[in-house]
Amino acid sequence: MAPRQAEHLTFTKPRHLIAGGLAAAVVVYLLTRLLYGELPQLPVLAGATLLLIALVDVLLALNMRPRVKRKPGTEPVDGLTAARAVALAKASSLAGAIMAGAWIGLIAYLLPLYGRVEAARADTASAVVGLISSGALIAAGLWLENCLRNPDEPEEPYEDE
């Protein structure tokens, strides 16, 4: 039996976010084509709930960044706390990418109907708010992850992926 290689956590790759977003866009577009007439109207602020998670990520990044960088007068970050924050950061950016894809899939279906169907106009506004909120969540998650990088390690320690 070969010895196990050390497992490591890598930084979020853009290709993972793009793949999640594209998959969600295709699924939501196809489902919307099948079921749009049966769906209730979307609240304008339906996607804005993602902004709350983005806000948590930003506040956590503002709190953790000086501690990880070992600024004078700050308490060092406990390893378990840092690991949990990294997990939140990675989950946030991926969830934001998936939700952005979902909103893009919805917008792709709605835009051709925009001038002809009143519900499509209202739902397009909701989808745009959701897409902006998703973008904020992606950015906040990636920034939190960046703030939690160990200052003693190189930028990209593992090139094998």
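In this predicted model, Ser133 is located in helix 4, which spans residues 118–147, and because its relative accessibility is 2%, Ser133 counts as buried. The side chain of Ser133 reaches back to the backbone oxygen of Val129, at a distance of 2.9 Å. When residues up to four places away in sequence are set aside, Ser133 touches Gly47, Ala48, Leu50 and Leu51.

The aromatic residues can be followed next. In one of them, the rings of Tyr29 and Tyr109 have centres 6.3 Å apart and planes at 65°, so the pair is edge-to-face. Since Tyr29 belongs to helix 1 and Tyr109 to helix 3 (residues 79–110), this pair ties together parts that are 80 residues apart in sequence. Tyr29 is partly exposed at 27% relative accessibility, whereas Tyr109, at 18%, counts as buried, the limit for that class being under 20%.

Tyr109 also pairs with Tyr36 in a tilted arrangement, with 5.3 Å from centre to centre and 55° between the planes. Here too distant parts of the chain are linked, for Tyr36 sits in the loop between helix 1 and helix 2 (49–68) and Tyr109 in helix 3, 73 residues apart. Tyr36 is buried, with a relative accessibility of 12%. Through these ring pairs, Tyr29, Tyr36 and Tyr109 are linked into a cluster.

On the surface, Val27, Leu31, Leu34, Leu35 and Leu39 form a nonpolar patch whose members together have about 470 Å² of accessible area. One of them, Val27, is found in helix 1 (residues 14–35) and is partly exposed, with a relative accessible area of 47%.

Definitions and conventions:
Residues numbered from 1 in each chain as written. Predicted model: local features only at pLDDT ≥ 70, side-chain atom pairs only at ≥ 80, totals over all residues. Heavy atoms only, no water. Patch = residues over 30% accessible without salt bridge, like charges linked within 9 Å, V, L, I, M, F, W, Y side chains within 5 Å. Areas by Shrake-Rupley, 256 points an atom, 1.4 Å probe, with all protein chains shown as cover. Salt bridge = Lys/Arg side-chain N within 4 Å of Asp/Glu carboxyl O. Helix = DSSP H or I, 4+ residues; strand = E, 2+ residues; numbered from the N terminus. Buried < 20%, exposed > 50% of the residue type's maximum accessible area, 1.4 Å probe, protein only. Polar contact = N/O pair within 3.5 Å; in protein donor to acceptor, adjacent residues only side chain to side chain. Contact = heavy atoms within 4.5 Å. Phe/Tyr/Trp six-rings, centres within 6.5 Å; stacked < 30°, edge-to-face > 60°.
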